[in-house]
Amino acid sequence: SSSSSLLTNTRGGSSTDDAATTTMSKETGLPPAAKLLIGAGGIYGAFLYYGSLQEDVFRYTAADGTQFKQAWFLQVLEAL
């Protein structure tokens with residue numbers, strides 16, 4: 001009997017189980033659209049910050065006047 005109730009719960013359960021699941025799955029807090037905008041804005045902001053840091057590396061001039069000239073090589077290493 002306990003194995004049949006386990007199978008019933010695993011395979012979808014009864015209507016009372018579905019009602020409990022529906023009640024528990026209600027979202028609280030921000031609406032999904034706001035979460036999406038915040039997440040996308042965070043990713044966009046991270047790329048902007050990374051680009052500004054990368055620009056500092058490419059514009060850096062050492063005390064002896066040498067500069068970093070292999071930007072393509074650095075970008076290939078980052079892609080790996």
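Trainee: Which helix does glutamine 54 lie in?
Mentor: This is a predicted model. From the N terminus on, its elements run α-α-α-α. Glutamine 54 belongs to helix α3.

Trainee: Is glutamine 54 buried or exposed?
Mentor: Its relative accessible area is 15%. The cut-off for buried is under 20%. Glutamine 54 therefore counts as buried.

Trainee: Which residues does glutamine 54 touch, not counting residues up to four places away in sequence?
Mentor: Look across to helix α4, where Gln54 is one of the α3 residues that meet α4. With sequence neighbours up to four places away set aside, glutamine 54 touches Gln75 and Glu78.

Trainee: What is glutamate 78 in contact with, leaving aside its neighbours within four places in sequence?
Mentor: Glutamate 78 is found in helix α4. Set aside its neighbours within four places in sequence, and the contacts of glutamate 78 are Tyr50 and Gln54.

Trainee: Is glutamate 78 buried, partly exposed or exposed?
Mentor: Its relative accessibility is 38%. Buried needs under 20%, and exposed needs over 50%. Glutamate 78 falls in between, so the class is partly exposed.

Trainee: Which residues of α4 meet α3?
Mentor: Start on the α3 side: Tyr50, Gln54, Val57 and Phe58 take part. Their partners in α4 are Ala71, Leu74, Gln75 and Glu78.

Trainee: How are α3 and α4 set relative to each other: roughly parallel, roughly antiparallel, roughly perpendicular or oblique?
Mentor: Two packed helices are described by the angle between their axes and the distance between the axes. Here the axes of α3 and α4 come within 11 Å and cross at roughly 140°. Roughly antiparallel would need an angle over 145 degrees, and roughly perpendicular runs from 65 to 115. That makes α3 and α4 oblique.

Trainee: Is the crossing of α3 and α4 left-handed or right-handed?
Mentor: The pair is the one with axes crossing at roughly 140°. The hand of the α3 and α4 crossing is right-handed.

Trainee: How are the rings of phenylalanine 58 and phenylalanine 68 arranged: stacked or edge-to-face?
Mentor: The count comes to two aromatic pairs, with ring centres within 6.5 Å as the rule. Phenylalanine 58 and phenylalanine 68 form one, at 6.0 Å centre to centre with 15° between the planes. Planes under 30 degrees apart count as stacked. The arrangement is therefore stacked.

Trainee: Where do phenylalanine 58 and phenylalanine 68 sit in the chain?
Mentor: The pair links distant parts of the chain, 10 residues apart. Phenylalanine 58 is in helix α3 (residues 32–59). Phenylalanine 68 is in the loop between α3 and α4 (71–79).

Trainee: How are tryptophan 72 and phenylalanine 73 paired: stacked or edge-to-face?
Mentor: Their centres are 5.8 Å apart, with 75° between the planes. An angle over 60 degrees is the cut-off. The pair is therefore edge-to-face.

Trainee: Which element of the protein chain has the highest mean pLDDT?
Mentor: The mean pLDDT of the protein chain is 78, and 66% of its residues reach 70 or more. Among the elements, helix α1 (residues 2–10) has the lowest mean, 53. The highest, 93, belongs to α3.

Methods. Residues numbered from 1 in each chain as written. Predicted model: local features only at pLDDT ≥ 70, side-chain atom pairs only at ≥ 80, totals over all residues. Heavy atoms only, no water. Helix = DSSP H or I, 4+ residues; strand = E, 2+ residues; numbered from the N terminus. pLDDT = per-residue confidence, 0-100. Buried < 20%, exposed > 50% of the residue type's maximum accessible area, 1.4 Å probe, protein only. Contact = heavy atoms within 4.5 Å. Axes fitted to C-alpha atoms, helices over the stretch in contact; angles between N-to-C directions. Parallel < 35°, antiparallel > 145°, perpendicular 65-115°, else oblique. Left-handed = near helix turned anticlockwise from the far one by under 90°.
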